[in-house]
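Thanks for coming. I will go through one model today, charged pairs to begin with and the sheet after that. Please have a look at it before I start.

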Amino acid sequence: MKDNYPTRKNESGKFIERLTKTIYKTSDKLSYYSGDFYNENGFLVIKNFFLKKTISKCLVDSLDILKNKSGLSTMEPVLKTTRSVTGIHNINSFKEIIRNRSLKDIVTSFLGSDVYIHQSRVNYKTGIGSNGWHWHSDFETWHAQDGMPEMRCLTAMIPLTVNSESNGPLMVIPGSHKKFYSCKREKQASAQENFADQKEGIPDSDAIEQFFKDAGNKVEVIKCNPGDLVLFDCNIIHGSVQNMTPLPRTNFFVVFNSIENKLVHPFSCEKMRPEEMGARIIETI
Ligand code: 6CS
Ligand code: FE
């Protein structure tokens, strides 16, 4: 298969034009404006989308995951607490989220086909010292390490606790999804190492500067609450800083990929990642 987004191949990085549409069509569940906003900015926040009691169940289950060691855990490199657990979408309360009809309608409309789950995870940021995430495009990793051919994929982020200005909320660079940044080659790290503290697939600082310039030097800090839904394009540049408070920032993420965009052999990685990080078994929702 032709590689439209070669990355991690050369000594230096470069910008590549995006060929895939951001949205196929908007959804009846949204105003026209919302589809248009997502198309232009690469993200969308919908307040009070879920019932608070559904989200409370998810929060309880997210703590059970820690206790029962379900899924595949990645630890904080310094603190040694749990940073992220992937492969958890079969737990009942999370299933309820994934099967939400309005969510499914929005996602299948945006991606223009049926979808399946590429990855599900809870990121914990339990308290002071929990690390942030460097600026990155998820698609860059999914293309390089999982063999995801095109940008026909998006993430739904469901906050299970308050995401305030000080506990390390998600930040995005609006509009950065429109260009692909092909990253320079680095020494190959393991799937877990990259998850714990991303080494490969980080844009150079001058590329980040360019993304900032294009966005009018604005980042969007996504403060949100339990019940809200945040959608973001697989190629948007995003990241977060460490948690500066003792209050956990616990978020559930589910990554939907078009069934017309199934994984092939990884484009820039010798070893396939575990199923929990990049699903090859297609379970339709
Ligand atoms: O590896 C992943 O799938 C996710 N984690 C990291 C550190 N970067 C890309 C993506 O968000
Ligand atoms: Fe990410």
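Let me begin with D146, which counts as buried because its relative accessibility is 2%. Here buried means under 20% relative accessible area, exposed means over 50%, and partly exposed is in between, with a 1.4 Å probe and protein chains only.

Before I go on, some conventions. This is a predicted model, in which local features need pLDDT of at least 70 and side-chain atom pairs count only at pLDDT 80 or more, while totals for chains, interfaces and linings use all residues. Residues are numbered from 1 along each chain as its sequence is written, chains are lettered from A and ligands numbered from 1 in the order in which they are written, and side-chain values use heavy atoms, leaving out hydrogens and water.

Back to D146. What does D146 form a salt bridge with? The partner is R273, and the closest N and O atoms are 2.8 Å apart. By salt bridge I mean a side-chain nitrogen of Lys or Arg within 4 Å of a carboxyl oxygen of Asp or Glu. The two residues are 127 apart and link distant parts of the chain, with D146 in helix 5 (residues 138–146) and R273 in the segment after strand 13 (251–258). Helices (H or I, at least four residues) and strands (E, at least two) are DSSP runs, numbered from the N terminus. R273 is also buried, at 9% relative accessibility.

In total the structure holds 15 salt bridges. Another one pairs K57 with E96, at 3.1 Å between the closest N and O atoms. K57 sits in helix 2 (residues 52–68) and E96 in helix 3 (residues 92–98), so this pair ties together parts 39 residues apart in sequence. K57 is partly exposed at 39%, and E96 is partly exposed at 38%.

K199 and D197 also meet through their side chains, 3.2 Å from N to O. K199 is partly exposed at 46%, as is D197 at 28%. There is also a network of salt bridges linking R8, E140 and E200.

Seven strands form an open, antiparallel sheet in the order 2-11-7-13-5-4-3. Two strands pair if DSSP finds at least two bridges between them. At the edges are strand 2 (43–46) and strand 3 (72–75), each pairing on one side only.

Within the sheet, strand 5 (residues 115–123) runs antiparallel to strand 13, and eight bridges join them. One residue pair to look at is Y116, whose bridge partner in strand 13 is N257.

That is what I have.
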